[in-house]
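Take a moment with the sequence and the fold before reading on.

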Amino acid sequence: APVTIANGTQFTDPNGEPVHAHGGGVVKVGEYYYWFGENRNDDNTFRYVSAYRSTDLKNWEFRNHVLTQESDPELATANIERPKVMYNESTGQFVMWAHKENGQDYSEARAAVAVSDTVDGDYAYRGSFRPLDHMSRDITVFVDDDGAGYMVSAARENYDLHLYRLTEDYTGVAELVANPWPGGHREAPALFKRDGVYFMLTSGATGWDPNQQQYATSTDLAGGWSEMRDVGDATAYDSQTAWVLPIQGTDETAYLYMGDRWAGAWDGPVNESRYVWLPLTFPD
Ligand code: GAL
């Protein structure tokens, strides 16, 4: 059934508490959409990855702080950004990938992995590393129809966007499959598939300030990617890409753009950021 959300607001849960799932992603399990994202300390360091669930995408029930500062010594003082959870059908495990930094600056440029047997359980931290020795900042994940898992992250001081195929259990990196826009300086990737076409949606690199989002398409993840083309207005309606959620309805599949209006743009803490969700349309 149609529901209406108020864009540019802090969403609240049924208890009136703000929903902190900034830079997040969604995974669907049964009838529930589970939304994971950043929930930070006042100084913007990592506090939690928090998980919420919903059946209608409007009413979000808090479930658990699935990763915390206590999950691993490495997380006591850290930054964990853009956490994304994927479900591995062959292992039955949920695997989280995120961007990991030391809590002071962006010099580590690592990817972090955590796993859980249940979608909103306590995730076990598996550590952080540079994928195949490449710097790795803004990050997303994607599961293809054949069950192969992919991770996309900003490499080489954010100048390149790397597409990696993951190992069968999704907890490691198997190979670099593509670097389609070298020097493009694109961040905030979201990868999705529609009618056999892959779409990569990205932002430019202007920190917390919103900018022109762009997308590219291909029918093959490993090659044949188009150039990046503009989408939306010059600031993505004052937001930055976090995720694109395919919503399978009875008649058609819709694609929901989930963006962050970062409070950093007005010198606020990340937890005061707002959400901007928009329908994506496809002209042909
Ligand atoms: C953005 C990035 C965000 C966050 C921010 C910090 O470019 O997309 O995830 O890292 O910079 O300034």
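This is a predicted model: local features need pLDDT of at least 70, side-chain atom pairs count only at pLDDT 80 or more; totals for chains, interfaces and linings use all residues.

Start with strand β2, residues 32–40. This strand is mostly covered, with 8 of its 9 residues buried. Which strands does β2 pair with? One partner is strand β1, residues 22–29, joined to β2 by 6 bridges. The other named here is strand β3, residues 46–54, joined to β2 by 8 bridges. β1 and β2 run antiparallel. β2 and β3 run antiparallel as well. In general, strands of a sheet pair through backbone hydrogen bonds, either parallel or antiparallel.

Lys-28 has Tyr-33 of β2 as its bridge partner. Now look at the turns. The hairpin of β1 and β2 has 2 residues between the strands. There, Gly-30 takes a positive phi near 60 degrees. The hairpin of β2 and β3 has 5 residues between its strands. In that hairpin, Asn-44 takes a positive phi near 75 degrees.

Next comes an open sheet. How many strands form it? There are 4, in the order β9-β10-β11-β12, and the pairing is antiparallel. The edge strands are β9, residues 139–143, and β12, residues 173–178. Each of these edge strands pairs on one side only. Neighbouring strands of this sheet are turned by 30 degrees against each other on average, if direction is ignored. Zoom in on strand β11, residues 160–166, beside β12. The two pair over 4 bridges, in the antiparallel sense. Leu-166 stands opposite Val-173 of β12.

Now pick out two single residues. Asn-64 sits in strand β4, residues 61–68. Is Asn-64 buried or exposed? Its relative accessible area is 17%, so Asn-64 is buried, since buried means under 20%. The side chain of Asn-64 also makes a polar contact, at 3.0 Å, with the side chain of Asp-122.

Tyr-275 belongs to strand β19, residues 274–279. Tyr-275 counts as buried because its relative accessibility is 1%. Find His-20 next. Tyr-275 and His-20 are 255 residues apart along the chain, yet their C-alpha atoms are separated by 10.0 Å.

Finish at the ligand. Which residues are around the ligand? They are Glu-81, Arg-82, Tyr-106, Asp-138, Glu-187, Gly-207, Trp-208 and Gln-240. This shell divides into 2 nonpolar, 2 polar and 4 charged residues.

Glu-81 has a polar side-chain atom 2.6 Å from an oxygen atom of the ligand. For Glu-187, an N or O atom of the side chain is 2.5 Å from a ligand oxygen. For Gln-240, the corresponding distance from a side-chain N or O atom to an oxygen atom of the ligand is 3.0 Å. How much of the ligand does the protein cover? On its own, the ligand has 310 Å² of accessible area, and the protein covers 89% of it.

Notes:
Residues are numbered from 1 along each chain as its sequence is written. Side-chain values use heavy atoms; hydrogens and water are left out. Two strands pair if DSSP finds at least two bridges between them. Axes are lines fitted to C-alpha atoms, for helices over the stretch in contact, and angles run from 0 to 180 degrees between N-to-C directions. A residue is near a molecule or strand if one of its heavy atoms lies within 4 Å of it. A polar contact is a pair of N or O atoms within 3.5 Å; within protein, one must be able to donate a hydrogen and the other to accept it, and residues adjacent in sequence count only if both atoms are side-chain atoms. Accessible areas come from the Shrake-Rupley method with a 1.4 Å probe; for residues, only the protein chains shown count as cover. Ala, Val, Leu, Ile, Met, Phe, Trp, Tyr, Cys and Pro count as nonpolar, Asp, Glu, Lys and Arg as charged, and the others, Gly among them, as polar. Buried means under 20% relative accessible area, exposed over 50%, partly exposed in between (1.4 Å probe, protein chains only).
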